[in-house]
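This briefing covers a single protein chain. The sequence and model come first, followed by notes grouped by topic.

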Amino acid sequence: MHEMSIAQSLLALVEQELQLRPGSRCTVIRVTHGALANLVPEAFELAVEALTIGGPMQGVRLELRLLPLRLKCRACGHEFEPEQKRLGPPLYPCPQCDEELGHTLVQGKELFLESLEIETD
């Protein structure tokens, strides 16, 4: 479960930020992840919860935002979000020219700390 190591890294970043603001505490962590980032939201939430129990960040709220897959057609240059409800190989025909192969990934592999809400005493 790589979500645990991601959660550890995320919480280390939050702790660094809190050290810059003595007496403060984090109430909300916002994370953005792409559809291809291989992040299982439930596992990630469980990892954050497990790592914060009994510590200064216990009870922190985690908000996850999913970025959809976005491709650019190699043939016509049209950008589109493919329908991902079908089974089988990931062939995504361009809605403008029907080309299925060679598209460029524009969005979908991201994983980053978007923002924090911090309260100060």
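Contact here means heavy atoms within 4.5 Å. Helices (H or I, at least four residues) and strands (E, at least two) are DSSP runs, numbered from the N terminus. Axes are lines fitted to C-alpha atoms, for helices over the stretch in contact, and angles run from 0 to 180 degrees between N-to-C directions. With these terms, helix α1 (residues 3-19) lies across β1, β2 and β6 and runs at about 140° to β1.

This is a predicted model, in which local features need pLDDT of at least 70 and side-chain atom pairs count only at pLDDT 80 or more, while totals for chains, interfaces and linings use all residues. Residues are numbered from 1 along each chain as its sequence is written, and side-chain values use heavy atoms, with hydrogens and water left out.

**Overall shape**

- The chain has two helices and six strands, in the order α-β-α-β-β-β-β-β from the N terminus.
- The radius of gyration (taken over C-alpha atoms) is 19 Å, well over the 14 Å that the globule rule (2.2 Å times the number of residues to the power 0.38) gives for 121 residues, so the chain is more spread out than a compact globule.
- Along the principal axes, the C-alpha atoms fill a box of roughly 60 × 25 × 15 Å.
- Of the 121 residues, 30% count as buried, where buried means under 20% relative accessible area, exposed over 50%, and partly exposed in between (1.4 Å probe, protein chains only).
- Among contacts between residues at least 6 apart in sequence, 69% join residues at least 24 apart.

**Sheet and helices**

- Three strands form an open sheet of mixed pairing in the order β2-β1-β6; two strands pair if DSSP finds at least two bridges between them.
- The edge strands, each pairing on one side only, are β2 (61-67) and β6 (111-120).
- Neighbouring strands of this sheet are turned by 20° against each other on average, direction ignored.
- Strand β1 (residues 24-34) runs antiparallel to β6 and is joined to it by nine bridges; R25 stands opposite E119 in β6.
- Helix α2 (residues 41-52) lies across β1 and β2, at about 155° to β2.

**M57**

- M57 lies in the loop between α2 and β2 and is buried, with a relative accessible area of 6%.
- Not counting residues up to four places away in sequence, M57 touches L11, V14, E15, L18 and T52.
- M57 and R25 are 32 residues apart in sequence and 7.0 Å apart in space, C-alpha to C-alpha.

- H103 is in the loop between β4 (79-80) and β5 (104-107) and counts as buried at 18% relative accessibility.
- A polar atom of the H103 side chain lies 2.8 Å from the backbone oxygen of Y92, and a polar atom of that side chain lies 3.1 Å from the backbone oxygen of E99.
- Leaving aside neighbours within four places in sequence, H103 is in contact with residues including K72, C73, F80 and Y92.
- K72 lies in strand β3 (residues 70-72) and counts as partly exposed at 35% relative accessibility.
- Beyond four places in sequence, the residues that K72 touches include G77, H78, H103 and V106.

Key. A polar contact is a pair of N or O atoms within 3.5 Å; within protein, one must be able to donate a hydrogen and the other to accept it, and residues adjacent in sequence count only if both atoms are side-chain atoms.
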